[in-house]
Amino acid sequence: MARILLVEDEESLRDVLARYLQAQGHVCVHAENGEVGVHKVREDSEGYDLIISDIEMPKMDGLAFLRRVQPYIESVTPFMILTAYDEWKYAMEAIRLGACNFLQKNPFDLAEIANAVERGLELRQVYALRHNYREELEHRLREKEEELRRTYDGTVIGFAAMMEGKDASTMAHLFRVRDYCTLLARELGVPDKRLRDIELGSMLHDVGKYRIPDAILTKPGSLTDEEWVVMRKHPEYGAQFVERIPFLAGATDVIANHHERYDGDGYPRGLKGDEIPLAARIFSVVDAYDAIVSERCYKPAQEPSVALAELQRCAGTQFDPDVVEAFVRAHPKMERMMETFEARFQAEIAAIGLGGIEDRSELRAKLQPHAVREKSA
Ligand SMILES: [Fe+2]
């Protein structure tokens with residue numbers, strides 16, 4: 001048994017055909033023109049296995065009806081046209097638009113109609129199989145994409161952890177900064193396709209430190225001027241490293257420019273204002289905020305209000321004032337997002353096999369006093 005939508009304005013013809021189809025065991029739903037047909041296709045939650053439509057009808061003819069339901073009939077329900085002898089040109093147009101067959105009317109050949117309906121319903125089976133197959137493929141593709149993304153994230157976080165010291169508090173800082181950056185970028189109207197680059201850039205901002213000698217990175221006490229020249233190359237080193245890796249290349253904007261300042265007093269290039277990519281201007285504000293509200297070996301955690309005041313004080317000098325304004329505006333949303341941070345963070349690091357790491361921040365601080373130094377640079 002099939003559900004068939006019959007669209008025909010001539011009542012007598014419609015009744016003959018409907019009675020015949022019902023006698024064949026099908027459910028036949030009527031419509032008197034294309035407009036009613038469109039309504040029934042859109043509103044009927046059970047859907048149809050086959051549509052049979054006349055061409056010449058008042059209000060909306062068969063071709064206009066066909067155009068309106070074209071996406072539906074090409075993937076779900078075959079569409080057959082009823083045509084008189086003098087309408088063959090229209091019938092050809094209907095085939096071009098996706099109709100699977102046309103049937104002659106006036107008079108009906110009932111045997112031919114039964115045959116055409118049977119072939120139409122077979123085609124419906126093919127559509128259903130094709131639809132299920134496509135869904136299955138899309139499902140598998142989504143799974144593979146997710147798997148690939150987890151692999152990428154594992155690599156990115158692995159790099160980041162290598163640079164920052166693999167302990168729970170540092171990792172949490174990276175994840176928080178990433179989440180803040182994403183939210184702030186959305187607040188500033190950054191398109192979704194660019195968000196991934198900001199996420200990667202925020203996680204990997206210091207990856208270029210891999211080329212800074214340990215003697216400088218872990219040197220107790222102050223660096224000499226010459227050592228600072230070397231230290232300040234880490235944004236360029238990081239950018240050179242990621243721009244050769246296709247899936248990381250988008251992170252270059254943040255990595256290369258995360259120590260630039262809005263007033264031009266930053267490094268390595270001393271870029272000013274809008275010369276600094278927006279992604280890096282976003283990162284600078286977020287990184288500073290998280291550093292102020294987090295406990296570090298050299299300072300206690302401060303209240304968010306203190307951090308917001310500091311961002312506003314430095315708006316126009318260290319930071320882009322528009323980004324600071326957006327940050328302040330989005331801050332209540334960020335606070336709400338952070339209420340669920342710990343659970344999301346634990347789930348995310350567990351998913352890439354880094355769960356259960358301990359907090360060694362105090363030990364790291366003793367070994368790497370440069371962390372204090374760079375923040376004050
Ligand atoms: Fe840095």
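1. Start with a loop residue. Lys59 sits in the loop that links strand 3 to helix 3 (62–68). Its phi is positive, about 65 degrees, although Lys59 is not a glycine. Most residues other than glycine have a negative phi, and most peptide bonds are trans. Is Lys59 buried or exposed? Lys59 counts as exposed, because it has 12 C-beta neighbours inside 10 Å.

2. The peptide bond from Tyr267 to Pro268 is cis. Its omega is near 10 degrees. Pro268 belongs to the loop between helix 12 and helix 13 (278–293).

3. Now the confidence. This is a predicted model. The mean pLDDT of the protein is 85, and 90% of the residues score at least 70. Helix 12 (residues 252–257) has the highest mean pLDDT among the elements, at 97. Helix 18 (residues 370–376) has the lowest, at 44. Across residues 362–377 the pLDDT is below 50. Beyond near neighbours in sequence, that stretch has 16 contacts in the model. Where pLDDT is low, the predicted coordinates should not be read in detail.

4. Overall make-up. The protein has 18 helices and 5 strands. Of its 377 residues, 32% are buried. Take the contacts with a separation of 6 or more: 66% of them join residues 24 or more positions apart.

5. The 5 strands form an open sheet with parallel pairing, in the order 2-1-3-4-5. Strand 2 (27–31) and strand 5 (101–104) are at the edges. Each has a single partner strand, so one side of each lacks a neighbour in the sheet. On average, neighbouring strands are turned by 25 degrees against each other, direction ignored.

6. Strand 4 (residues 79–83) pairs with strand 5 in the parallel sense, over 4 bridges. Which residue of strand 5 is the bridge partner of Met80? The partner is Asn101.

7. Helices on the sheet. Helix 1 (residues 11–23) lies across strand 1 (3–7) and strand 2. Helix 1 runs at about 160 degrees to strand 2. Helix 2 (residues 34–43) also packs on the sheet. Helix 2 touches strand 1, strand 2 and strand 3 (50–54). The direction of helix 2 makes about 155 degrees with that of strand 1.

8. A helix pair. Two packed helices are described by the angle between their axes and the distance between the axes. Helix 14 (residues 304–313) packs against helix 15 (residues 321–338) at an angle of about 160 degrees. Their axes are 9 Å apart. With over 145 degrees as the cut-off, helix 14 and helix 15 are therefore roughly antiparallel to each other. Their crossing is left-handed. Which residues meet between helix 14 and helix 15? Helix 14 brings Leu308, Leu311 and Gln312. Helix 15 brings Val324, Phe327, Val328 and His331.

9. A residue in helix 15. Met338 is located in this helix. Met338 counts as partly exposed, because it has 15 C-beta neighbours inside 10 Å. In sequence, Met338 and Asp179 are 159 residues apart. In space they are 9.0 Å apart, C-alpha to C-alpha.

Notes
Residues numbered from 1 in each chain as written. Predicted model: local features only at pLDDT ≥ 70, side-chain atom pairs only at ≥ 80, totals over all residues. Pairing = 2+ DSSP bridges. Helix = DSSP H or I, 4+ residues; strand = E, 2+ residues; numbered from the N terminus. Axes fitted to C-alpha atoms, helices over the stretch in contact; angles between N-to-C directions. Contact = placed C-beta atoms within 7 Å. pLDDT = per-residue confidence, 0-100. Buried ≥ 20, exposed ≤ 12 C-beta atoms within 10 Å, placed from the backbone. Parallel < 35°, antiparallel > 145°, perpendicular 65-115°, else oblique. Left-handed = near helix turned anticlockwise from the far one by under 90°.
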